[in-house]
Structures are given as structure tokens and as C-alpha cells.
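Please read these points with the model open beside you.

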Amino acid sequence: MIRTEVDALRAAMVRAPLDPAWAPFEAAMLVRSAARPGVCRSPSTRPTVHHSRPERVSVEPGLLAEFDTDAAARRLVAALAAVAPLAAVESGYQGGRHRYEIHRVTVPRESGAQVQDVLSRSASAGAAALRTVGPAVGPGRRRRELVVAAAAWRAALLAVGPGRGGPDGLAVRVGDPWSAGTLVRAADLLEVPVRAVRRPGGQLLTVDGRAALTVLMQVVTGGVSTGVLTAVAG
């Protein structure tokens, strides 16, 4: 994807409708896919690679996630509206010679543990919804799976990408093995081919081909592709 396509995709994902039942799951995916708070971002590889600092960093109470883009932070706040209405974005710059943007999403210190518990349970619920057993799935369940799968990929693309996957593809690199496995299952349900390769810092997930990229872009921006409509109808 070229830069203009990436910018347009990011803006469209922020505007995508949030399903009230699965917004906490999307929030959980945003938090899990993001770099750990206190992780140094390299300007030459941002936003798909994050290098850990050698020193130990204590995470402050109430800090949920740090992002390289305002879009990811705003989406997280929107996804948390029902469970953490006081979530807020703090934006600024860090670094010395090479400065970079940083957007922190925080909740009141006294509610941080409760919000983290909600996110943990929501992550488990979303992962369970993506585990389809058997070929026969009713339209209601299929639509639920598609909503959850779209939320998973939208969160990852906002949190750590999209990176370059060639002119007709995209890539995301996630350091959390749980997130990588969830994204692979979500791609299977969306019938979007994805390659997963272990790389330093996590798993690199690549979607190649204009057809697959078009399906994924339509789904994560709130549209529905022809193939997805056929699957639901069937």
C-alpha cells in the first residue's frame, strides 16, 4: 500500500461503526496489539517494529496503551465509551535527536484494574467467538463472527500498521502471540489469505494480492464485500 492509501484506510477505520456488543473486544485488541507502555519506538521502522529499552520500565496505574498515531488512540477511547467513559488521550512528543509522536490512552488510576479486567474478559469472549466448530453455521452466528473478525483486524491495523506488504498488500507485526493467533483465525473466517512469519519482535502477518486486500479493507472500514455477503446468505 502507498502512503495515501494507508492514510485513507486509517481515517476510514476510525469512522467505522462500533458494534456495542463487541466494542470492548476491539478495545482489548487495540491494547494487546500496541507496543507496551515505555517501549522505545524506532523512527526508521515505525510503526510496525518496537524495540524494548534495556532498563526496566514501571507502567503507571491507569495507563492502558501508547500509540504512534492519534487515530488508534481515538478509536480506543471510542471503543471504551461504555466501560470507561473517562478514558482520555494525552498526546505529545518523545525522543532526543529523533523525535516521534506518542498518544497515550489513560483512565483514572482508581479504575485501571477494573478496566483491565473487563478487557481481559472481552478478549477471551472475542477469541471464543472466532472458534467455529463444524461447517454448518447459522446466519446469526456467521454475522457475529464477521463483526468480531473485522474488529480484530481493524484494531491491529490501527495499533501497529498497516506496514508495507508490497504494492498490492499490507503487513502488521504484533509482538503478542495471542494477538497473532487471533488475527490468523479472524483472517480465515474472512477468507482472506494471510502469511504468518516469525520475525524479531513478534509475528509478521502479511496479506498479499489486490483481491484479498480489497476484501479486508471493505470489512475493517464497515463495508461488506461480495464474498462476505455470499457467505452470510449461505
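1. Glu 26 lies in helix H2 (residues 23-33); helices are DSSP runs of H or I with at least four residues, strands are E runs of at least two, and both are numbered from the N terminus. This is a predicted model, in which local features need pLDDT of at least 70 and side-chain atom pairs count only at pLDDT 80 or more, while totals for chains, interfaces and linings use all residues. Residues are numbered from 1 along each chain as its sequence is written, and side-chain values use heavy atoms, with hydrogens and water left out.

2. Is Glu 26 buried or exposed? Its relative accessibility is 1%, so Glu 26 is buried (under 20% relative accessible area; exposed is over 50%, partly exposed in between; 1.4 Å probe, protein chains only). Beyond its neighbours within four places in sequence, Glu 26 contacts Leu 18, Arg 75, Ala 151, Arg 154 and Ala 155 (contact: heavy atoms within 4.5 Å).

3. Three strands form an open sheet in the order E3-E5-E4, with antiparallel pairing (strands pair if DSSP finds at least two bridges between them). Strands E3 (63-67) and E4 (88-94) are at the edges, each with a single partner strand, so one side of each has no neighbour in the sheet. Seven bridges join E4 to E5 (residues 100-106); in E5, Thr 106 is the bridge partner of Ala 88.

4. Helices H5 (residues 139-160) and H6 (residues 177-190) pack with their axes 9 Å apart, at an angle of about 130° (axes are lines fitted to C-alpha atoms, for helices over the stretch in contact; angles run from 0 to 180 degrees between N-to-C directions). Residues of H5 in this contact include Leu 146 and Trp 153, and those of H6 include Leu 183 and Ala 187.
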